[in-house]
Structures are given as C-alpha cells and as structure tokens.
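Q: I'd like to go through this one by chat. Can you put it up first?

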Amino acid sequence: MTPLHSKKIADRLDGLVSTLASARAPLDDLTRARVAARLQASLQASGRARVRRRWMIGGALAASVIAVVGAGWLTRGPARPVVAVAPVAHDVAPVPVPVPVPPPAPASDGELTLTHQAGALRGEVDGASLTLYGGGHATRHGLRVAIDAEAVVVDRSAAAADAPELQLTVRAVRVRMQRATFSVDSSPVRVTVIRGEIILSCPGTADEKVVHAGDALTCEREAGSAAAPPPSPPRPGLTITRAPEKRAPVAPSDVRAPIDDLGARYAAAEQLMARDPGAARSALRALIDAAPTGEYVAPALLDLARLAHASGDLGTARTALDELARAPRAAALAMPAAYLRCKLATSDADRRRCLAAFRIAFPHSPRDAEALAELAASAGTAGDCAAALPLVDEYLRAYPTGASRGAMQAWLARCAPPSP
Amino acid sequence: VIAVVKPRGASELADDDLVAAIVTGDRAAFAELYARYADRVYARITHLIGASAEREDVLQHVFLELHRALPRFRGDAALSTFLYRITVNVAYDHLRRRSRRPSEPDPDAIDALVDLAPTPDERARKRDELRQIFALLERIKPKKRIAFVLVAVEGLSYAEAAELVGADVDAVKQRVMHARRELMAMMARAERRVA
C-alpha cells in the first residue's frame with residue numbers, strides 16, 4: 001500500500017467507525033419485557049436450586065465433621081494434618097478440612113548475589129527477579145528484601161498462587177506483594193505496576209495503598225528531606241497521587257507546559273493512535289518537545305516508536321527508542337522497548353541475537369512465548385534444526401496451549417529425527 | 001414482577017441503595033436496576049458483538065451475571081462501571097464461542113440502527129457502512145475486536161479500556177493497533193478484488 005492509498009483506507013475505516021459510534025441501538029419494549037421475564041424465571045429457578053444445594057452441603061459438612069472426629073477418636077494418635085473428604089453426593093464437592101500450614105523456612109539471609117547483564121544488575125529472590133539500574137545492592141532478611149538502587153524492576157508474576165508474601169523496601173518505599181511486576185524510580189519516587197497488584201507505602205508514612213496493574217503512583221517528597229522544599233501546607237507523612245488523574249508536583253525546569261495540559265494532550269494523542277496514526281505521531285512528537293523531561297516523555301517515545309514501526313518507518317522507530325533509553329523514568333518501559341528493538345532488526349541473525357538477549361534479560365516477560373516461537377521458527381527456516389529443536393521443545397513444555405503451538409509442532413515434525 | 005416496565009428514572013433510589021436491596025433478595029429492586037440500565041447495556045452489546053439477534057441472549061446473560069456478582073460489589077467503582085465490565089466479559093465470552101460460526105447481521109436490526117438518519121439516501125449509506133464494519137469486525141479476534149470497539153467506537157481511554165478488559169494499558173494499545181492494521185488490510189484486499 002502506498003502512503004496515499006493507506007491514508008485513503010484509514011479515512012474510510014474512520015468513516016465506518018464513526019457511523020457505528022453514532023448509531024443508536026434502541027432496545028424495543030417487546031425485547032425489554034421478554035428479557036425481563038426470562039430473567040425473572042432464571043432467578044426464581046436459581047433461588048430454588050440454591051435452597052436445595054444448602055441442604056445438601058449442610059449434610060455433607062456434617063458427615064465430614066463426624067468422619068474427622070470419629071477418625072481422631074479411633075486412632076488417638078498425635079495430631080497430624082488431615083484432609084477429610086465428605087461422602088460424595090451428586091452436586092456436592094469434596095469438603096476439605098483446613099489445617100494450619102507451617103510457614104516456609106526462610107532462605108539464607110544477607111547480601112544478594114547480583115550479576116551484571118545488559119547494563120543492569122540482576123538477581124533472584126523467592127521467585128522474584130530483580131533488575132537494578134544505576135548500580136546498587138540488595139540484602140534479604142527472611143521474606144524482607146531491602147534494595148538500594150536508582151531504579152528497580154521487580155518481576156514475580158510467575159510465582160505460584162500460594163507463594164508467601166514478599167516485603168521489599170526500595171530505598172524508603174515499602175512494597176508488599178505476592179505475584180506482580182512493578183518498577184520503582186527513585187527521584188521522584190514513582191511506582192508503576194505492570195502486572196498483578198502490590199500494597200505500597202510511601203516514604204515517611206504508614207498508610208498503605210493497593211496499586212493495580214496499569215496504575216502508576218508518585219509519592220510526594222519526603223517530609224524534612226534535605227532536597228525537599230518546606231512542605232506547604234505541613235502534612236505528616238506523605239500522600240500518594242495517582243497518574244494521570246492527579247499529577248505529582250513537577251519542578252518548573254522539568255517541563256515547559258502546564259502539567260494538566262500535558263496529561264490532556266497525551267490522552268488526546270492516545271485517542272488519535274486508534275483513529276489516525278499519522279496525527280498521533282505528530283501529537284506525540286509535539287508533546288515530547290513541549291516537556292522533554294516530563295513524565296509523559298517515556299510512554300510517548302515508546303508509542304512513537306511503535307507507530308513508526310507499524311508504518312514501516314524503521315529509522316524513526318530506532319531514533320525514538322534511542323531517545324527513550326536516555327529519557328527519565330524509562331526503566332518501567334525497558335521490557336517493551338527491548339522487544340520492539342528486536343522487531344526493528346534488519347537481518348535474521350541480528351534479530352535472533354536480539355531475541356536471545358531479550359529472553360535472558362526478561363525471563364518472565366509476557367512476550368517470552370512470542371520471542372521463543374520466533375527464535376525457533378527462525379532457526380528452523382535457516383535450516384538449523386539442531387538449534388530449533390531445543391527451542392521448540394522448550395516452547396511446547398512452557399506454553400502447551402500457546403498461540404504458536406501448531407507451528408511449533410510442525411517444526412517438531414519437520415526437524416525431529418525419524419524414530420527407528 | 002420483573003417484567004413490569006417502569007418509566008425510566010421514576011425511582012428516586014440511588015444505585016447503592018438499589019444494590020443493597022438486591023443483595024437482601026429484593027426482586028423489585030433488581031427490576032428497577034434492569035429498567036435503569038438495560039438500554040445502555042444493549043447499546044454497548046450492539047457495538048461489541050454486532051447487530052445480531054443474539055444480543056437478546058447476551059443482555060439476559062449480563063444481568064444474570066450482575067445478579068450473581070452484586071454480593072461482591074464493594075462500591076470501589078460506580079455501579080455503571082461494574083456493569084460495563086461484566087458486559088465486556090460476557091460479550092468477550094460470547095464472541096469467543098461464536099468465532100467458530102461467524103454470525104450474520106440481522107437486516108432488521110441494521111435498519112433499526114439507521115432509523116434516525118434524515119433522508120433515505122443517508123439511511124441507505126449508513127446501512128451499507130454498518131454492514132461493512134460489522135462484517136470486518138467479525139473477522140478479527142475477539143480480544144482485538146473488544147479493545148478496538150472500546151477505544152475507537154466507544155471513545156474510552158486506553159487506561160479505561162484496560163481496566164474493563166483486565167489487561168494492562170500496553171496490551172490494549174497493541175490490540176487496538178493490530179486490530180486497526182488488520183481491518184485496513186482487509187479493506188485494501190476487498191478493494192483490490194473489486195478492482
């Protein structure tokens with residue numbers, strides 16, 4: 001498609017979308033009444049079923065309690081963890097009797113071993129991978145980990161559902177989490193949750209706040225800190241502001257445009273991305289130029305790189321990623337930026353090298369399945385079955401229901417030596 | 001009786017009061033909630049799954065799910081947001097099941113959608129455009145379709161759409177971009193075929 005043709009098609013698509021957006025879908029009275037009557041019938045039926053189920057569950061619970069007490073009375077042995085299963089009546093699930101589980105024994109305490117990889121320090125603790133930017137170190141004491149670094153990415157999204165809660169202190173920010181991926185930038189303190197949820201306390205306050213995936217919170221400056229101006233009005237502790245609805249205070253030198261205006265402009269650019277990518281690129285570039293050190297620069301640069309890549313403008317995409325690497329608060333976007341950079345590689349060999357490095361740097365990335373499948377297919381296409389087979393095998397084991405399962409099985413059939 | 005249709009807005013009860021009453025088993029309160037939100041939910045279902053006859057089943061399913069979920073509703077978000085999230089989930093499940101047997105838009109339903117256009121020509125044009133966009137949307141994967149409709153058609157921000165579909169903002173952006181690219185490619189192919 002030529003750019004002109006592409007623009008024409010995009011305009012037509014926008015026209016279709018606009019027609020759909022403006023179409024009114026009235027619910028006629030007959031349909032409304034029909035659905036209401038069916039709802040009423042369903043609710044009555046489910047009410048009767050619930051009463052029946054209560055009786056059956058009550059009976060099963062009583063039976064299980066009698067079974068447990070009876071077994072204890074008969075054996076009179078020492079108390080042991082017991083799971084009693086109720087006699088299975090139809091429509092009744094087995095009833096486990098909960099017993100206390102002892103907490104897991106803490107691993108060895110002290111300084112964590114961190115290794116240098118791709119310009120960052122990396123380490124593992126209790127199923128969490130830590131990536132420290134700008135140097136630093138980490139120590140653990142039981143399930144408490146203290147990290148001192150300029151920026152940190154913590155990924156514990158692949159932990160088991162019953163994994164114990166981990167408590168991390170990044171400089172003065174305290175985080176409790178079970179399964180999540182998040183980043184902390186230290187100055188100003190900004191926490192971005194990428195997956196799962198965490199419980200966060202800002203420096204100088206005992207207040208805790210649950211932060212979910214997709215949210216970014218900025219802690220206000222530490223009361224009494226040397227660098228901070230006198231708080232006005234004076235408030236004990238700190239409050240958390242949620243971006244983008246409420247913006248953290250930004251030093252006047254940081255931006256050249258009012259912060260609310262920037263938020264609105266970024267939201268407008270995001271809207272344009274769905275409707276008019278060309279206009280979105282212009283809007284994002286203008287936003288970056290307006291506030292080159294503002295908080296929207298990093299996401300705007302990543303969006304810009306993606307849009308440029310989508311339109312085949314690889315040069316602009318690379319330039320935007322280079323800028324992003326130097327931008328403030330880029331740590332939170334390190335993973336998607338690294339993946340996009342691999343997509344920009346011009347030769348198969350470069351792409352394979354890049355994807356292999358990406359998988360080492362971000363072992364729990366949501367892009368891992370895609371990267372692994374591409375590596376395997378690329379090796380297979382190059383006729384290197386010896387390299388492809390272990391990758392195919394890893395994919396099928398790690399992502400048995402993954403989107404590329406069919407393709408991986410095809411490569412397995414093509415590359416695997418025929419059985420004798 | 002739930003089927004009694006009250007004039008919309010007749011009740012002075014706030015959503016929270018209605019929810020509290022429903023949780024204690026008040027069927028009339030649920031009927032009121034249905035009367036209050038059925039139109040909005042139906043319009044959203046139309047955007048999300050198309051102008052098919054299945055919308056009626058999906059509407060019923062949404063309100064059944066709402067009834068089941070209300071005891072878990074803690075008021076962290078507005079009831080409308082909670083309901084919107086359920087609508088999106090039910091629509092997604094429906095589209096996923098339906099992906100094996102793509103649905104044809106209902107011509108009468110399309111007519112109803114363009115009913116307010118001022119002239120016959122305008123109505124014919126809109127009818128044709130709606131048929132096209134529904135046919136195109138039918139051919140992209142449900143996750144991308146939902147994300148695209150939420151952002152491009154319903155005008156939500158990426159963050160709002162991400163919250164509704166339970167994904168991160170980044171993933172939603174990708175879905176919308178891919179959906180757009182796929183829709184454009186399909187349109188270009190169709191154009192070439194005509195040429």
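Q: How many salt bridges are there across the interface of chain B and chain A?
A: The model is a predicted one. The rule finds eight salt bridges across that interface.

Q: Give me an example. What does B:Lys173 meet in a salt bridge?
A: Its partner is A:Asp303, side chain to side chain, at 3.0 Å from N to O.

Q: And how many residue pairs are in polar contact between chain B and chain A?
A: The count is 15, with both residues of a pair at pLDDT 80 or more.

Q: Which element gives the most to the side of chain B that touches chain A?
A: α9(B), with 13 residues. Other elements giving two or more residues include α2 (27–49) and α6 (120–138) of chain B.

Q: How do the residues on that side of chain B divide into nonpolar, polar and charged?
A: There are 34 nonpolar, eight polar and 14 charged residues.

Q: OK, size of the contact. How much area do chain B and chain A bury between them?
A: About 5,100 Å², with 62% of it on carbon and sulfur atoms. On chain B's side, B:Glu56, B:Arg180 and B:Met187 supply 13% of the area buried against chain A, more than any other three residues. The contact takes 56 residues from chain B and 51 from chain A.

Q: Switching to chain B by itself. How many helices and strands?
A: Nine helices and zero strands.

Q: What share of chain B counts as buried?
A: Of its 195 residues, 50%. The accessible surface of chain B is about 9,300 Å², and 50% of that belongs to carbon and sulfur atoms.

Definitions and conventions. Residues numbered from 1 in each chain as written. Chains lettered and ligands numbered in written order. Predicted model: local features only at pLDDT ≥ 70, side-chain atom pairs only at ≥ 80, totals over all residues. Heavy atoms only, no water. Contact = heavy atoms within 4.5 Å. Buried area = accessible area lost by both parts, 1.4 Å probe. Salt bridge = Lys/Arg side-chain N within 4 Å of Asp/Glu carboxyl O. Polar contact = N/O pair within 3.5 Å; in protein donor to acceptor, adjacent residues only side chain to side chain. Helix = DSSP H or I, 4+ residues; strand = E, 2+ residues; numbered from the N terminus. Nonpolar A, V, L, I, M, F, W, Y, C, P; charged D, E, K, R; others polar. Buried < 20%, exposed > 50% of the residue type's maximum accessible area, 1.4 Å probe, protein only. Areas by Shrake-Rupley, 256 points an atom, 1.4 Å probe, with all protein chains shown as cover.
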